[in-house]
Amino acid sequence: MNVLGIETSCDETAVAVVRDGRMILSNVVASQMAEHAKYGGVVPEIASRRHVENINAVLARALDEAGLGFGDVHAVAVTNRPGLLGALLVGVTAAKAFALALGVPIVGVHHIEAHLYANFLTHADAAFPAVALVVSGGHTDLFHVKGHGEYVLLGRTRDDAAGEAFDKCARLMGLDYPGGPAIEEAAKTGNPKAVPLPRPWLDDDPFAFSFSGLKTAVRRLAQSENPPAVPDLSAAFQESVVDVLVGKTLRAARATGETRVFLAGGVAANARLRERMRAACDAAGLSLFFPPPALCTDNGAMIAATGFFHLQAGHADDLTLSTLPSEPLAAVVP
Ligand code: KG4
Ligand code: ZN
């Protein structure tokens, strides 16, 4: 079954074709990042307008690269929640037009669920149950995934998402947007021990996260009379975030007794996080799954893969499919 996946929830216009939920036939991403960079973050109105301009060409290219015609697509999956409302509407409208014109099923996909499912695209042995950490620009969520569609939210961030913290701290240090890759690059030549920064463990809530105090500490140092060197501050910030993300994920694996750990979302592209999570999981005898960097950040392939699993389970939507700017994953699937 060839599923077309459409993603427009933020600043990437992305369309992919995936066969049987696991084989990527094409995966086209038109990034608007350069345009938003001058504002230091995503401007919703600009994002919507660019999606409108890009969507048809990206869709045509995805079919072309897959070597398929319109008639070879058996279903269309689209991110309909959560995300920027105007941006989501562009993808959902395109998906509806496609489904109506071709008479194929449409399925709305939760963006965070799709980040998790990116793991099925490159790991034949990926399976649930698992503990899953989704770290993106908008979310820092730790789940106990009991099976397909069975998500128990163990904890989430109380304030900034991990990616948001990378983006804001990068800006404080004069680095480019998006801040994650910029901080990772700067940190390569820095010493994480050169600058003492707090670790927000929140011991009253073992699975919750908070990055606003860390951001304030970075701000104070960056704006002080004698600011630390950017590589050192970058490395210290990254190490603090990674310590907490790894520590809490391992804590969740111990508490649930699960032996699989899934890492997903844009921040999962971070090499230091991947390396430290790998070492911690190896030491604890846990199997770790994370997607290749290009499938950690927003893409259409993860949407198509998730749509396939929903269709297999008998869930499809119709042309009344709506868009939702915020919707917790735990609440939408029984
Ligand atoms: O998943 P994603 O592409 O979009 C959302 O759903 O939010 O995540 C984007 C976020 C941004 O905050 C970006 O700075 C962060 O992921 N990110 C990274 C890295 N690459 C992207 N954070 C840390 N290290 C990276 N290498
Ligand atoms: Zn995302």
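Mentor: Let's start with a term: a polar contact is a pair of N or O atoms within 3.5 Å. Keep in mind that the model here is predicted.

Trainee: Okay! How far is a backbone N or O atom of Gly266 from an oxygen atom of ligand 1?

Mentor: The distance is 3.0 Å, so that pair falls within the 3.5 Å limit for a polar contact.

Trainee: And what about Gly137 and Gly163, how far are their polar backbone atoms from an oxygen atom of ligand 1?

Mentor: For Gly137 the distance is 2.8 Å, and for Gly163 it is 3.1 Å.

Trainee: How much of ligand 1 does the protein bury?

Mentor: On its own, ligand 1 exposes 560 Å², and the protein buries 89% of that. Ligand 1 sits in the largest pocket.

Trainee: Which elements give two or more residues to the shell around it?

Mentor: Those are helix 4 (111–122), helix 5 (162–172) and helix 6 (179–187). Helix 6 gives the most, with 4 residues.

Trainee: What classes of residue make up that shell around ligand 1?

Mentor: There are 11 polar, 6 nonpolar and 3 charged residues. Among the 20 residues around ligand 1, the nearest include His115, Asp167 and Glu184.

Trainee: New topic! Which protein donors does the zinc ion (ligand 2) have?

Mentor: The zinc ion has His111 (NE2), His115 (NE2) and Asp298 (OD), at 2.0 to 2.1 Å. Their spacing along the chain is H-x3-H-x182-D.

Trainee: Where do His111 and Asp298 sit, then?

Mentor: His111 is in helix 4, while Asp298 is in the loop between helix 10 (293–296) and helix 11 (300–312). They are 187 residues apart, so the pair links distant parts of the chain.

Methods: Residues numbered from 1 in each chain as written. Chains lettered and ligands numbered in written order. Predicted model: local features only at pLDDT ≥ 70, side-chain atom pairs only at ≥ 80, totals over all residues. Heavy atoms only, no water. Near = heavy atom within 4 Å. Polar contact = N/O pair within 3.5 Å; in protein donor to acceptor, adjacent residues only side chain to side chain. Areas by Shrake-Rupley, 256 points an atom, 1.4 Å probe, with all protein chains shown as cover. 1 Å grid on protein atoms, 1.4 Å probe; cavity = no way out; pocket = protein on both sides within 12 Å on 5 of 7 lines; lining within 4 Å. Sits in = over half its atoms within 2 Å of the grid points. Nonpolar A, V, L, I, M, F, W, Y, C, P; charged D, E, K, R; others polar. Donors = N, O, S within 2.8 Å, 3.2 Å for Na, K, Ca; no water.
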